[in-house]
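Please read it with the model open.

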Amino acid sequence: MQVKDIDRTRSAELYEKAKTYFPGGVNSPVRAFKSVYGTPLFIEKGDGSHIWDADGNEFIDFCCSWGPLILGHNHPAVREKVIEVMQKGMSFGAPTALESELAELILSNNRFIEKIRFVSSGTEAVMSAIRLARGYTKRDKVLKFEGCYHGHSDSLLVKAGSGLVTFGETSSAGVPKAFADETVVVSLNDKKALQEAFEEFKGQIAAVIIEPVPANNGLLLQSKEYLQYLRDICTQNSTMLIFDEVISGFRVGFEGAAGYYGIEPDIITYGKIIGGGLPVGAYGASADVMSHISPEGSVYQAGTLSGNPVAMAAGIAQLSELLKPGFYEDMQAKTQSFVNDIQNFVAERNYQFKVFTIGSVFWFAFTDQESVSRAEDIDPASMAKFKLMHHELINRGIYLGPSGYEVGFISAAHTKADLEKTKTAIFDSIDIVFK
Ligand code: PLP
């Protein structure tokens with residue numbers, strides 16, 4: 001059934017105004033809706049699983065601020081804790097007990113790290129983890145995977161060149177070639193490429209960094225066996241393995257992907273969920289490795305707002321909810337049933353469409369491949385179908401991240417009724433895409 005386009009008058013006005021102030025009208029590029037139809041929607045408020053835009057349109061939200069809002073919008077426990085702490089002041093630039101409270105919550109429920117350092121974003125967490133690995137190993141090169149995103153620091157804004165093992169090419173202007181030369185890029189799920197890289201750069205690779213649940217270029221799920229292989233090859237070469245868990249941390253389980261797969265990295269980075277919707281990132285490792293960080297060690301890293309009390313309060317409130325018995329089991333069951341119903345619908349109609357999922361993360365892919373584990377397995381032409389689907393879903397009150405390469409998130413606030421309504425909208429939209 002066709003529906004008419006939503007009214008975006010006010011959003012369009014706000015967008016025109018924003019364009020006079022910000023490059024492209026936004027403060028982070030994907031928000032500009034360049035890969036989907038229409039002007040970006042300017043959001044006015046969120047509550048539970050729903051958001052409302054400036055024109056009063058209501059949506060069930062599956063972007064969830066790109067992952068942090070695992071409890072949904074404006075969760076009362078998070079809001080109340082933030083207000084309580086805020087009333088005593090917002091920043092001191094001196095230690096507070098709240099930092100230790102959040103650290104204790106995390107460290108006493110995580111087998112993989114012994115000490116942690118709070119920063120203010122995922123980018124900062126990863127950038128610092130890379131510096132730590134370089135300082136610890138006294139090596140310079142970093143190996144990353146094509147299709148994994150680790151924030152916008154210079155040495156990680158690098159993509160693969162051609163060939164199996166390549167020096168990276170910068171994927172942004174302004175990144176010196178000399179920086180990209182320190183980054184080696186290989187394909188995901190390719191043991192041969194990895195072996196070749198370790199042979200070619202013997203004794204030079206400080207760290208291998210991976211999103212153990214690669215979720216920034218579609219959802220490129222890796223096998224436990226491959227991740228274990230990665231662990232082993234790093235150990236054999238005295239290279240540090242960094243799990244970038246900015247998305248997977250506290251999402252696929254409280255211990256993130258390290259716990260999910262039972263694989264121990266040397267350093268783990270966190271972001272998103274850890275701050276309950278406020279700007280927090282973190283990196284952690286063994287006490288020995290973390291002792292190399294300043295002021296204990298010689299690897300410098302600092303931050304005016306690091307460990308900010310209001311942000312710590314949001315993290316404490318959110319993570320405390322996640323530790324309640326059955327939290328992750330419920331999220332997984334809810335997501336699996338949602339995904340199964342969509343899979344059954346498309347299978348009956350023989351549509352070239354798959355839903356890939358782990359924990360409460362899902363990704364819609366216009367493909368008939370049983371698995372997609374490498375960036376190059378995704379056909380860029382399939383994004384035209386996503387664009388149409390996105391448009392149909394927006395018009396039916398369903399908000400997905402505005403790119404077919406982005407994953408969706410289900411929160412604890414998504415109700416059965418939300419998911420039923422969403423499925424109906426998805427079925428109608430997919431029918432239109434394949435008409
Ligand atoms: N690492 C991963 C895996 C991410 O998904 C992101 C952001 O999406 C980052 C790092 C960067 O985090 P931030 O945007 O908080 O700087």
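Predicted model: local features only at pLDDT ≥ 70, side-chain atom pairs only at ≥ 80, totals over all residues.

The points below go from the domains to single residues.

1. **Two domains.** The protein chain is assigned two domains, and domain 1 comes in two pieces, 9–62 and 326–433. Domain 2 covers 76–322. Taken over C-alpha atoms, the centres of domain 1 and domain 2 are 26 Å apart.

2. **Where the domains touch.** On the domain 1 side, 17 residues make contact, and they meet 17 residues of domain 2. S15 supplies the largest share, three residues. What is the make-up of the side of domain 1 that touches domain 2, by nonpolar, polar and charged residues? Twelve are nonpolar, three are polar and two are charged.

3. **The three-stranded sheet.** S14 and S15 also belong to an open sheet, with the order S14-S15-S17 and antiparallel pairing. S14 and strand S17 (408–409) are its edge strands, and each pairs on one side only. Two bridges link S15 and S17, in the antiparallel sense. Look at Phe362 here: its bridge partner in S17 is Gly408.

4. **The four-stranded sheet.** A further open sheet has the order S1-S2-S3-S16. The pairing in this sheet is mixed. Its edges are strand S1 (43–47) and strand S16 (398–399), each of which pairs on one side only. S1 runs antiparallel to strand S2 (residues 50–53), and four bridges join them. Lys45 has Trp52 as its bridge partner in S2.

5. The UniProt record, an unreviewed entry, places the feature "modified residue: N6-(pyridoxal phosphate)lysine" at Lys272. This residue sits in the loop between strand S12 (267–270) and strand S13 (281–285). Is Lys272 buried or exposed? Lys272 counts as buried, because it has 26 C-beta neighbours inside 10 Å and 20 or more are enough for that class. Leaving aside neighbours within four places in sequence, Lys272 is in contact with Trp66, Gly67, Pro68, Gly122, Val246 and Ile247.

6. **The ligand shell.** How many residues surround the ligand? There are 15, and the closest are Ser121, Gly122, Thr123, Gly151 and Val246. Gly122 and Val246 are also among the contacts of Lys272. Helix H4 (residues 122–137) gives the largest share of the shell, three residues. By class, the shell holds five nonpolar, eight polar and two charged residues.

7. **Leu419.** Leu419 is in helix H13 (residues 416–433). Not counting residues up to four places away in sequence, Leu419 touches Phe338 and His414. Leu419 and Lys435 are 16 residues apart along the chain, and their C-alpha atoms are separated by 24 Å.

Notes
Residues numbered from 1 in each chain as written. Domains from an automatic or database assignment. Contact = placed C-beta atoms within 7 Å. Nonpolar A, V, L, I, M, F, W, Y, C, P; charged D, E, K, R; others polar. UniProt positions renumbered as here; feature names shortened; annotations may be inferred. Buried ≥ 20, exposed ≤ 12 C-beta atoms within 10 Å, placed from the backbone. Near = placed C-beta within 6 Å. Pairing = 2+ DSSP bridges.
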